[in-house]
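Here is a short briefing on one predicted model.

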Amino acid sequence: MSKIEGGRNIAMKIPPHQFEETVRFYRDLIGLQEIAGLAPSIAIEFGANRLWLDRVETLSQAEIWLELRADEPASAAKNLEKLGVVRCDAIEKLRRVSAGTGS
């Protein structure tokens, strides 16, 4: 069975009407360091993690996505599928790990 653990990345998917205020809060009010050169996203150093602030035109409220990493991604995907976990990539196209091919 594949080992799954938390990754470094946290993504906050933010609707347009909240985006600028959210960026201002983390970067300007709290004073966390922005990582340059990652446009159109804004990435903020958040302790040992990286907080990605992503503007998503189709959202009406913010969502938080936490990165999971697996030593055997295809095996992990297959195990999660067996447990009834459904991947939902509608907001952002993610690299799909096939449960059957290991890619």
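Glutamate 5 stands opposite arginine 69 in strand 5. Helices (H or I, at least four residues) and strands (E, at least two) are DSSP runs, numbered from the N terminus. This is a predicted model: local features need pLDDT of at least 70, side-chain atom pairs count only at pLDDT 80 or more, and totals for chains, interfaces and linings use all residues. Residues are numbered from 1 along each chain as its sequence is written, and side-chain values use heavy atoms, with hydrogens and water left out.

- Five strands form an open sheet in the order 2-3-4-1-5, with mixed pairing; two strands pair if DSSP finds at least two bridges between them.
- Strand 2 (34–35) and strand 5 (63–70) are the edge strands, each pairing on one side only.
- Strand 1 (residues 4–14) pairs with strand 5 in the antiparallel sense, over seven bridges.
- Lysine 13 stands opposite glutamate 63 of strand 5.
- With strand 4, strand 1 pairs in the parallel sense over six bridges.
- Isoleucine 10 stands opposite leucine 51 in strand 4.

**Helix packing**

- Helix 1 (residues 16–29) lies across strand 1, strand 2, strand 3 (42–46) and strand 4 (49–55).
- Helix 1 runs at about 150° to strand 4; axes are lines fitted to C-alpha atoms, for helices over the stretch in contact (heavy atoms within 4.5 Å), and angles run from 0 to 180 degrees between N-to-C directions.

**Leucine 80**

- Leucine 80 lies in helix 2 (residues 73–82).
- Leucine 80 is partly exposed, at 32% relative accessible area; buried means under 20%, exposed over 50%, partly exposed in between (1.4 Å probe, protein chains only).
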